[in-house]
Amino acid sequence: MILINLLPHREAARKRRKEAFQVTMFMAAVLGVLIAGAVYMWYQNQIETQQARNAFLQQEIKALDEQIKEIANIEGEIAALRARQKAVEDLQADRNLPVYMLKELAAQLPDGIYITGVKQTNQVVEMQGMAQSNERVSELLRNLSSNTPWFAKPELLEIVAANATLSPKDVRRVASFKMRFQLMRSSDLKKEADAAQKAEKKGAANGK
């Protein structure tokens with residue numbers, strides 16, 4: 001017996017394909033939403049992680065800034081302590097400078113010169129005196145320049161002819177002078193000695 005299908009099979013097939021396509025599109029849309037949600041959550045998690053790292057770094061930077069400030073304050077205090085220590089050492093060294101100055105002046109004064117006044121301002125000394133001749137003053141300058149480490153940069157400020165009254169009947173022509181020189185500290189002498197020693201060692205090493 002032959003069966004004949006009189007139903008519109010083409011339309012039914014088209015309907016089934018349409019429904020399958022719609023289901024596929026719906027599933028694709030759902031899958032796309034799920035993937036997009038997963039990507040969004042992943043990026044959101046990465047952003048939150050990075051923000052947490054940034055916040056941690058900001059805290060550490062702030063802590064380091066505080067430590068740097070503390071170190072700067074400590075360095076300032078150390079510098080102030082060193083300055084006070086140097087001031088105390090200079091005061092202790094300067095306490096004996098007048099003794100050294102008078103001793104060296106007595107040793108370096110040539111015959112025929114006597115001192116009439118000495119004035120010290122910090123490390124600069126101004127001295128006035130009388131000399132039998134200009135040559136005596138020149139000799140004194142040479143002595144202060146090369147014969148003692150305690151005096152530096154001697155400079156003749158003034159020299160004029162004057163009269164020295166030794167007695168009512170004994171008036172002599174003399175040279176009245178004024179000079180200036182620098183008084184060296186013990187610490188300055190030590191620095192110069194160390195520098196000279198280093199230069200000598202360097203020169204010996206270069207000579208080899």
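**View 1. Arg180 and Glu155 join up in a salt bridge.** In this predicted model, the closest N and O atoms of Arg180 and Glu155 are 3.0 Å apart. The pair links distant parts of the chain, with Arg180 sitting in strand E4 (residues 170–183) and Glu155 in strand E3 (residues 151–167), 25 residues apart. How exposed are the two partners, Arg180 and Glu155? Arg180 has a relative accessible area of 29%, so it is partly exposed. Glu155 comes out at 38%, so it counts as partly exposed too. As a bit of background, side chains of opposite charge can pair when their charged atoms come close.

View 2. Glu139 has a relative accessible area of 28%, so it is partly exposed. Arg136 is partly exposed as well, because its relative accessible area is 28%. How many salt bridges does the count come to? The count is 2.

**View 3. Strands E1 and E2 make a hairpin.** Strand E1 covers residues 113–121 and strand E2 covers residues 124–131. In which sense do E1 and E2 pair? They run antiparallel, paired over 8 bridges. To pick out one spot, look for Gly117, whose bridge partner in E2 is Gln128. Between the two strands there are 2 residues, and Asn122 in the turn has a positive phi of about 60°. While you're looking at strands, here's a general point: in a regular strand the side chains alternate between the two faces of the sheet.

**View 4. Four arginines gather in a patch of positive charge on the surface.** The members are Arg10, Arg14, Arg16 and Arg17. Arg10 has its place in helix H1, which spans residues 9–94. Is Arg10 buried or exposed? Its relative accessibility is 59%, and anything over 50% is exposed, so Arg10 counts as exposed.

**View 5. Stepping back, the protein has 4 helices and 4 strands.** Start at the N terminus and the elements go α-α-β-β-α-β-β-α. How much of the protein is buried? Of its 208 residues, 18% are buried.

Methods. Residues numbered from 1 in each chain as written. Predicted model: local features only at pLDDT ≥ 70, side-chain atom pairs only at ≥ 80, totals over all residues. Heavy atoms only, no water. Patch = residues over 30% accessible without salt bridge, like charges linked within 9 Å, V, L, I, M, F, W, Y side chains within 5 Å. Areas by Shrake-Rupley, 256 points an atom, 1.4 Å probe, with all protein chains shown as cover. Salt bridge = Lys/Arg side-chain N within 4 Å of Asp/Glu carboxyl O. Lys, Arg positive; Asp, Glu negative; His and termini not counted. Charge placed at Lys NZ, Arg CZ, Asp CG, Glu CD. Buried < 20%, exposed > 50% of the residue type's maximum accessible area, 1.4 Å probe, protein only. Pairing = 2+ DSSP bridges.
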